[in-house]
Amino acid sequence: MQQKISPFLWFNGCAEDAVNFYTSVFAEAKIGKTMRASKAGPGPEGSVLTIGFELFGRKFTAFNFPTDFKFTEAVSFVVDCKDQAEVDYYWDCLSEGGEPRDCGWIRDRFGVFWQITPTRLIELMTDSDPDVAARAATAMMTMQKIDIAALERAVQAG
């Protein structure tokens with residue numbers, strides 16, 4: 001089935017670098033079709049205008065055109081991590097050259113926002129016991145990179 005809706009990300013002249021980076025970080029990622037500027041433009045002839053890519057089977061398009069537009073936290077991509085090893089891997093890769101934020105958020109070196117979220121965090125924060133959920137939330141709010149063992153200790157301490 002064709003994906004009807006997909007993210008279109010406007011990069012400030014670094015779309016190709018961003019796509020190469022993302023497809024190196026995520027397993028089984030693919031680079032798709034690349035549209036280049038013609039003699040008529042826009043931009044220098046042969047320069048990348050758009051480049052398609054897939055992460056975990058989801059299609060994205062990167063647009064490459066110098067602008068003052070910036071990504072904000074209003075849109076972010078959540079990476080669901082099965083364990084601490086995945087959290088550590090994605091955190092280390094995506095934060096390199098970027099800016100780690102609180103509660104598992106990162107602004108990567110291209111300005112895109114990511115939430116590196118262990119499945120266990122969501123399980124704890126949606127626990128039917130409101131005290132467990134509260135302890136998990138309180139612990140998470142003290143972290144940048146989410147530490148699953150520390151979450152478990154916080155929940156057990158109650």
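Helices (H or I, at least four residues) and strands (E, at least two) are DSSP runs, numbered from the N terminus. This is a predicted model, in which local features need pLDDT of at least 70, side-chain atom pairs count only at pLDDT 80 or more, and totals for chains, interfaces and linings use all residues. Residues are numbered from 1 along each chain as its sequence is written, and side-chain values use heavy atoms, with hydrogens and water left out.

Start with the whole chain. It has five helices and eight strands. Read along the sequence, they follow the pattern β-α-β-β-β-β-α-β-β-β-α-α-α. The C-alpha trace spans about 65 × 35 × 25 Å along its principal axes. Of the 158 residues, 39% count as buried. Buried means under 20% relative accessible area, exposed means over 50%, and partly exposed lies in between (1.4 Å probe, protein chains only). Contact means heavy atoms within 4.5 Å. Among contacts between residues at least 6 apart in sequence, 55% join residues at least 24 apart.

Now take the pair H1 and H2. Helix H1 covers residues 15–25 and helix H2 covers residues 84–95. Their axes come within 11 Å and cross at roughly 165°. Axes here are lines fitted to C-alpha atoms, for helices over the stretch in contact, and angles run from 0 to 180 degrees between N-to-C directions. H1 and H2 are therefore roughly antiparallel to each other; that term applies to angles over 145 degrees, while under 35 is roughly parallel, 65 to 115 roughly perpendicular and the rest oblique. H1 contributes Phe-21, Tyr-22, Ser-24 and Val-25 to the contact, and H2 contributes Tyr-89, Tyr-90, Cys-93 and Leu-94. By class, the contact has seven nonpolar, one polar and no charged residues. Ala, Val, Leu, Ile, Met, Phe, Trp, Tyr, Cys and Pro count as nonpolar, Asp, Glu, Lys and Arg as charged, and the others, Gly among them, as polar.

Stay with Leu-94, which lies in helix H2. Leu-94 is buried, with a relative accessible area of 0%. Beyond residues up to four places away in sequence, Leu-94 touches Phe-21, Tyr-22, Val-25, Phe-26, Ile-106, Asp-108, Arg-109, Trp-114 and Ile-116. Ala-137 is 43 residues from Leu-94 along the chain, and their C-alpha atoms are separated by 23 Å.

An α-helix has 3.6 residues a turn, so residues three or four places apart point the same way.

Thr-50 lies in strand E3 (residues 48–55) and counts as buried at 13% relative accessibility. Leaving out residues up to four places away in sequence, Thr-50 touches Phe-8, Lys-33, Thr-34, Met-35, Thr-61, Ala-62 and Phe-63.

Phe-56 sits in the loop between E3 and strand E4 (58–64). Phe-56 has a positive phi of about 50°, although it is not a glycine. At 53% relative accessibility, Phe-56 counts as exposed. Cys-103, in the loop between strand E6 (99–100) and strand E7 (105–107), also has a positive phi, near 60°. Cys-103 is partly exposed, at 24%.
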